[in-house]
Amino acid sequence: MKNKQIIGSKELISIIDLELFDLDAKVDTGADSNALHCDDIEIDENNMVHFTLLDEVHPAYHGKRMEMPLYKLKKVRSSNGELQLRPSIEVEVEFFGQKYQSVVSLTSRADMKYPMLIGRKFLSGRFLVDVSHEYLSKKS
């Protein structure tokens, strides 16, 4: 248990490679991997993923069309139980003042309150979740 940062059920995360800073994220130990809301997801013949980030309702929205190398296509069971084939990308994130390489799947989270989901692969071995707290990153 030592050397693990205690985090809340909701936190701020920055995805440096995508120029998204202080993005609201839900910490979800039931989710295997990280997920980010985006639209118009396309994979070209060179295995580059093209996508538009977020919606205008999110404070971190910048409206840019992004392009990143495809890390992997993975079957993921969504929160409603539907099996989806999702592209994922590898990005540098900043979380609690530290930088990490992380894999993020791209999907529409338009019906979800939080544009980012932080899953247990990212959390494992690094963080402990205290669900009685939120946004501990703002206090550290």
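Are Phe96 and Phe127 buried or exposed? Phe96 is buried, and Phe127 is buried as well. Here "buried" stands for under 20% relative accessible area, "exposed" for over 50%, and "partly exposed" for what lies in between (1.4 Å probe, protein chains only).

Before you go on, two notes on the source. The model is predicted, so local features need pLDDT of at least 70 and side-chain atom pairs count only at pLDDT 80 or more, while totals for chains, interfaces and linings use all residues. Residues are numbered from 1 along each chain as its sequence is written, and side-chain values use heavy atoms, with hydrogens and water left out.

**Exercise 1: the network around Asp32**

Task: work out which residues Asp32 is linked with through salt bridges.

Solution. 
- Step 1. Start with Lys74, whose salt bridge with Asp32 has its closest N and O atoms 2.9 Å apart. Asp32 lies in the loop between strand S3 (20-27) and strand S4 (34-43), and Lys74 lies in strand S7 (residues 72-77), 42 residues apart.
- Step 2. Look at how open this pair is. Asp32 has a relative accessible area of 29%, so Asp32 is partly exposed; Lys74, at 24%, is partly exposed too.
- Step 3. Turn to Arg120, whose side chain meets that of Asp32 in a salt bridge of 3.9 Å, N to O. Arg120 is in helix H1 (residues 120-123), 88 residues apart from Asp32. With 38% relative accessibility, Arg120 is partly exposed.

**Exercise 2: aromatic pairs**

Task: classify the pairs Phe96–Phe127 and Tyr100–Phe122.

Solution. 
- Step 1. Recall the cut-offs: rings of Phe, Tyr and Trp (its six-membered ring) pair if their centres lie within 6.5 Å; planes under 30 degrees apart count as stacked, over 60 as edge-to-face and the rest as tilted. Seven aromatic pairs turn up in a search of the whole structure.
- Step 2. Phe96 and Phe127 are 6.4 Å apart, centre to centre, with 45° between the planes, a tilted pair. Phe96 is in the loop between strand S8 (83-95) and strand S9 (98-107), whereas Phe127 is in strand S11, 31 residues apart.
- Step 3. The ring centres of Tyr100 and Phe122 are 5.4 Å apart and the planes stand at 85°, so this pair is edge-to-face. Tyr100 lies in strand S9 and Phe122 in helix H1, 22 residues apart.
- Step 4. Tyr100 is buried at 18% relative accessibility, and Phe122 is buried at 5%.
- Step 5. Finish with the group: Phe95, Phe96, Tyr100, Phe122 and Phe127 form one aromatic cluster.

Definitions and conventions. Salt bridge = Lys/Arg side-chain N within 4 Å of Asp/Glu carboxyl O. Helix = DSSP H or I, 4+ residues; strand = E, 2+ residues; numbered from the N terminus.
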